[in-house]
Amino acid sequence: MNAAVRTQVAIVGAGPAGLVLSHLLAEAGIASVVIDSRSREEIESTIRAGILEQGTVDLLAGIPGSRVHSVGSRHDGIELRFDGAGHRIDFTGLAGRSVWLFPQHEALRDLIAARVASGQDLRFGWTATAIEGADGERPRVIATDDAGGALAIEADFVVGADGSRSVVRRAISGSHDGFFREYPFGWFGILCEAPPSADELIYSNSPDGFALISQRSPTVQRMYFQCDPDADADAMSDAQIWDALQTRVPGHALIEGPIFQRDVLRLRSFVARTLRQGRLAIVGDAAHTVPPTGAKGMNLAVADVVLLARALEELLLRSDAHLIDAWADAALDRIWKAQHFSWWMTSMLHVAPGATEFDRRRQLGELRTVASSEAGRTYLAEGYTGWPLG
Ligand SMILES: Cc1cc2nc3c(=O)[nH]c(=O)nc-3n(C[C@H](O)[C@H](O)[C@H](O)COP(=O)(O)OP(=O)(O)OC[C@H]3O[C@@H](n4cnc5c(N)ncnc54)[C@H](O)[C@@H]3O)c2cc1C
């Protein structure tokens, strides 16, 4: 069956970027249609981000039914660990802000529930395959579903919030036109049933590489350790995984438990060359990727759409294009700061293959500089908790 709908903003992707944008637009009185190729169940159960900046949390808290304050937990600092000793970075004392642990899929559950409850258009199982009329005033998203149906969404503006393999990016600038870096290591991530091994997150550097000890709930923990990006997640036994984690957090005993999920993540940095062309824009992972070390990806997606919502309000409600014309540069200002912060945390904490004794001693010198100086700790605290939104 073929169908056509008309709306003010067509949004491809019901991840954090697409759903937060649709919420901000609805608040401003702007209609949107959101489509996603995945089912609601799949979106609501995919484990990804966990650490949210203060600005992201304040925004989510304003969404009807949000559980960010009831289910999420506030973290006022992290432990930076190297040379066998821990050093606390006191976020509230140094930057006056905190971060929150609130799993991305829980935030998506809230956002989807709020959109469904307010009767707004959100369609699961629809995959955008092309953008037509990209150069004109009425771009169209062409989508198909598994049953062979076709849908055309005509809009005043099309937003690609469709993640790192974005179809909308292809319509703007070609898939890979941008600035790219691939790191020579990956993250081996696990979810396990165990009590927390620490009250706050531990970012640990060791001669064997990096580890992140994070928390999920009183009974489920998330942990990562540096690995070969081509490693096979199923090739290691549970005992080998715990050994790899423990040797990367020397001097701190981890509480072990049954591992029920494991995956290997490649670390990449990417920024698309063009974020907007006429009445098309890309946001979130469609526009950029960061390695997860700085916990910036979802937060950056939210920051992009906060700026874009304001620009679309001016464009669509007041026919004023000055904010949309300035939007890409305004978004890129934060994107490159976040790229730098994520790269800095990654290179400061991981041990690159082939690192020399000089590299190792220089890295420890850098870690000592950050931990022992208030300026160094403040720099980390400001970047990690996030710069003010908008
Ligand atoms: C292990 C891990 C840990 C992370 N930790 C953090 C963290 O602590 N803090 C943080 O801020 N970030 C973190 N991130 C990054 C964060 O998860 C992403 O940056 C975030 O999901 C980006 O949101 P998005 O909406 O831009 O894209 P996505 O979440 O990728 O959503 C895109 C959506 O578009 C849909 N889609 C794609 N193509 C199409 C199409 N053609 N048609 C229709 N729909 C389509 C997809 O199904 C998907 O639902 C982490 C990521 C990983 C993998």
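**Strands β12 and β16.** I began with the strand pair β12 (residues 178–193) and β16 (residues 259–272), which run antiparallel and are joined by 12 bridges. Strands here are DSSP runs (E, at least two residues; helices are H or I, at least four), numbered from the N terminus, and two strands pair if DSSP finds at least two bridges between them. Within this pair, I190 stands opposite R262 of β16.

**A note on the model.** I am working with a predicted model, where local features need pLDDT of at least 70 and side-chain atom pairs pLDDT 80 or more, while totals for chains, interfaces and linings use all residues. Residues are numbered from 1 along each chain as its sequence is written, and side-chain values use heavy atoms, without hydrogens and water.

**The sheet.** I then traced the open sheet of 8 strands, with mixed pairing and the order β6-β5-β13-β14-β15-β12-β16-β19. Its edges are β6 (85–90) and β19 (288–289); each has a single partner strand, so one side of each lacks a neighbour in the sheet.

**The ligand.** Next I looked up the shell: 30 residues surround the ligand, and D36, Q104, A128, D285 and M298 are the closest; near means a heavy atom within 4 Å. Domain 1 (2–73 + 100–179 + 269–345) and domain 2 (182–267 + 351–385) both contribute shell residues, so the ligand lies between them; the bounds come from an automatic or database domain assignment.

For polar contacts (N or O pairs within 3.5 Å), I noted a polar backbone atom of M298 at 2.8 Å from a ligand oxygen. A polar backbone atom of G297 is 3.3 Å from a ligand nitrogen.

Technical notes. Polar contact = N/O pair within 3.5 Å; in protein donor to acceptor, adjacent residues only side chain to side chain.
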